[in-house]
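Hi there,

Here is the structure we talked about, with my notes below it. Please have a look at it before you read on.

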Amino acid sequence: MVVLKFGGTSVGSAQAIRQIITILGDAEHRGRVQALVVSALSGVTDALINMAKKAASGDESCREELLALETRHEEFLAALLSGKAGEEAAALVKESFGELGHFLDGIGVLKELSPRILDYIMSFGERISAELISRILNAQGIPAVYCDTRELIITDDQFGNARIFPEESYLRIKNYMAKQSALVVATGFIGATGSGETTTLGRGGSDLSAAVFGAALNAEEVEIWTDVDGILTADPALVKNAFRIDAISYVEAMELSHFGAKVLHPPTVRPALEKGIPIRIRNTFNPGGEGTRITRDGAPGPYPIRGISSMGDIALIRVQGSGMVGVAGFSSRLFGALAAKKISLILITQGSSEYSICFAVRPEDARLSIEAISEAFEREIRSAMIDPPILELNMAIIAVVGAGMKRSSGLAGKVFHALGRNGINVVAIAQGSSELNISAVIRREDTAKALNAVHEAFFLAGTRSVNLFLVGTGLIGGTLLKQLERHRVILADKHKIRINLTGLANSRRMLFDSEGINPGEAKALLMDETERAEPFELSAFIKRMQSYNLPNTAFCDCTASDAVARTYEELLSSAVPVVTPNKRANSGAYGFYRRLTEISKEKGIPYLYETTVCAGLPVISTLRDLHLSGDIVRRIEAVLSGTLSYIFNNFDGSKTFSALVREARARGYTEPDPRDDLNAMDAARKALVLARECGMPLEFEQLTIEPILPEACFSASDVEAFFTELEKSDAAFEERRKEAEKAGRALRYVACVEAGQAKLSLRSEALDSPFCSLVDADNIVVITTDRYSTLPLVVKGPGAGAEVTAGGVFADIVRIARTLV
């Protein structure tokens, strides 16, 4: 035999009641249900409290609310009952609301609302609901009897949160149920004192009522029907990937409930725990679902933890001082002072030094707690033996719960790695010796971020995700979007890496969607002014990204903007990884470059800029690996410009120098104005990055840059004028080429980093030199180290182009995902 409980949303509409009738008549429940415990219709209890408070304050609008509530019940009835049964039920509703109106009038006259009277007012919700449902069931051919549990469930007089006297309540329930042959429809949430005064059982009291019935009747199972599929691994409103837990132990359920899981009220578990009766949480609107089964021990699950819960608004109080160290009875005095004020503690933690104790309370208890401590330790505070109590508001607790933690090592490290990796500061930590719960106090604003980060770390079996914010949708950024669209499914299915494009901007507009933007449609969405894109403003973009406060956020800069580069320090300091092919940050002031790399190293936040030098070639990473493995770089020689590489690789005498520059421009190897490439500034910035990666504190002004072109070319008024001037230099370039050729050599524009200096110059290279092995726009980096001294290490390949550069950026984004393990 089983006891069923249906909550407010499960009895809140005609459709919901029809669903209950279907459940009672299905093969699983037909003939097995002893008692049906019901709540008030959804929202009714809050409405009753609000009306009572308004009445006490003299607010006449409570009469309008009373009429609206009565009308709601009448409409509820009209959809389910007709004829004589309907008329009788309607009369009951009218009578009940008439009585309720008289009580509100009395409250209004007295201008007083005591907890005792408020409990009586609240009891109307369950009493009306249970009686109406019993009548509806009878009309549907299901014999049912209404039961007012104030006659059965006996409590103390702590109005608003009364405690049940189990033995007397169990006996009354047994005796009552022994006389019943029909289905008992019982009021949840309410009871009465021994003298008959109405009480309520506190938050989730209807669950407790059902558990008490189950325990009294030694039921096979207590089923709590609600509007979710069971207990989930986390709050689905905050963690969209949360999923149902098949089975859980009583103590695990209590831990999750204590820290905010709303499906179950903690005391509900106690009567069932004492009797060994399973509780199952099920969904009224998905009756075929298995729900979550709560038993004494709980079946072992596939994960080391059961779930993650949170308490979203708490106050943290810290008491500290040298006068606490080694003083016996200090804790007793502290907690005794709080207990005297009836203050409930949510979490307690103390350092082994005994220098401080901190504890969490509800925000409404914070000031009273401070007063109680200040009063109890007035002498010690006055003599500076301990500090005045310190209060921190707007805090939250996340709790990682699971009996499997006893059998698994490294779980605490995994929790705190997930939090730290996402820049979430842990203010206090608590873990019991049972190893069932690891709790951490964090800032309230980080709650959702923390839950998602820890949930992914434990439950998404190897899946890693990145919430990507991309600025720049030009050649590189646009190509990156195409690559993301082509490969994101494969990346997710084969490599368990999910890249969620959350924010996007070009120089004019920006777009955000926490659920994800389709990379294939991203540019079109930005262009379409009818869409939700808005005008771009860099600081607004950064603030919006920070306001989302998503776990595993990464920022990608595919611009050449100094302004965007200047945001890197703020982002890294906020624990947001940065990926960029933009050279501006690393080739600007050395102090700024140093701050960025130091923040990245100190905080463990990736700052990845592989594509700032030679596109997708692994140059930066190679230099880092050499340094980390203890090798010393002695010299770097490199062709770092794809434009200059193409020109000099093909400067063999068959065409004039100016003709080659025109050809390179026509083939897209130069900017629209070739001088932007032929001034060698881009190559110089790359050389500076390499020098700094080798530990050289150089500024850009310290580089030696040999001009390739005469000054007249740079001062020309436009591109055609430039080519006119360049043609005047063809003879000089040809003479220099022939001179090199006569010596069995060829011209190449090479950067050299050595002995704390960096120089870029046009050199004649031997034909067997690595620099003469290049094809078209290839780049090459030749690294000489202590280990690679006789035969240098060579990195060679395409060093420019949208596909390879975007591919390198893509690889860095994936690299960030891999660091999330």
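Two strands are taken to pair if DSSP finds at least two bridges between them. With that in mind, strand S8 (residues 221-226) and strand S10 (residues 279-283) run parallel and are joined by five bridges. One of the residues involved is Thr226, whose bridge partner in S10 is Asn283. Please keep in mind that this is a predicted model.

**The sheet around S8 and S10**

Both strands belong to an open sheet of eight strands, ordered S3-S5-S2-S1-S8-S10-S11-S9, and the pairing in this sheet is mixed. At the edges are S3 and strand S9 (247-249), each of which pairs on one side only. From one strand to the next, the twist averages 20°. As a reminder, strands of a sheet pair through backbone hydrogen bonds, either parallel or antiparallel.

Two helices lie across this part of the model. Helix H5 (residues 115-139) lies across S2, S3 and S5, with an angle of about 160° to S5.

**Arg150**

Is Arg150 buried or exposed? Arg150 is buried, because its relative accessible area of 18% falls under the 20% cut-off. This arginine sits in the loop between strand S3 (144-147) and strand S4 (154-155).

- with the side chain of Asp148, at 2.7 Å;
- with the side chain of Thr198, at 3.0 Å.

Leaving out neighbours within four places in sequence, Arg150 also has contacts that include Tyr120, Ser123, Arg127, Ile190, Gly191 and Ala192.

**Ile386**

Another loop residue is Ile386, found between helix H12 (378-382) and strand S15 (390-401). Ile386 has a relative accessible area of 2%, so it counts as buried. Not counting residues up to four places away in sequence, Ile386 touches Val319, Gln320, Gly321, Gly323, Met324, Phe330, Phe377, Glu380 and Ile381. For a sense of distance, the C-alpha atoms of Ile386 and Glu197 are separated by 46 Å, and the two residues are 189 apart along the chain.

**Cysteines**

How many disulfides does a search of the whole structure find? The search finds zero. Take Cys614 as an example: the closest cysteine sulfur, in Cys694, is 13 Å from its own sulfur, which is too far for a bond because a disulfide needs the two sulfurs within 2.5 Å. Cys614 is also buried, at 0% relative accessibility. Cys713 is buried too, with a relative accessibility of 0%.

**The protein as a whole**

The secondary structure comes to 30 helices and 30 strands. The radius of gyration is 37 Å, well over the 28 Å that the globule rule gives for 821 residues, so the protein is more spread out than a compact globule. Along the principal axes, the C-alpha atoms fill a box of roughly 115 × 70 × 50 Å. Buried residues make up 53% of the 821 residues. Among contacts between residues at least 6 apart in sequence, 71% join residues at least 24 apart.

Best wishes

Key
Residues are numbered from 1 along each chain as its sequence is written. This is a predicted model: local features need pLDDT of at least 70, side-chain atom pairs count only at pLDDT 80 or more; totals for chains, interfaces and linings use all residues. Side-chain values use heavy atoms; hydrogens and water are left out. Helices (H or I, at least four residues) and strands (E, at least two) are DSSP runs, numbered from the N terminus. Buried means under 20% relative accessible area, exposed over 50%, partly exposed in between (1.4 Å probe, protein chains only). Contact means heavy atoms within 4.5 Å. A polar contact is a pair of N or O atoms within 3.5 Å; within protein, one must be able to donate a hydrogen and the other to accept it, and residues adjacent in sequence count only if both atoms are side-chain atoms. Axes are lines fitted to C-alpha atoms, for helices over the stretch in contact, and angles run from 0 to 180 degrees between N-to-C directions. The radius of gyration is taken over C-alpha atoms; the globule rule is 2.2 Å times the number of residues to the power 0.38.
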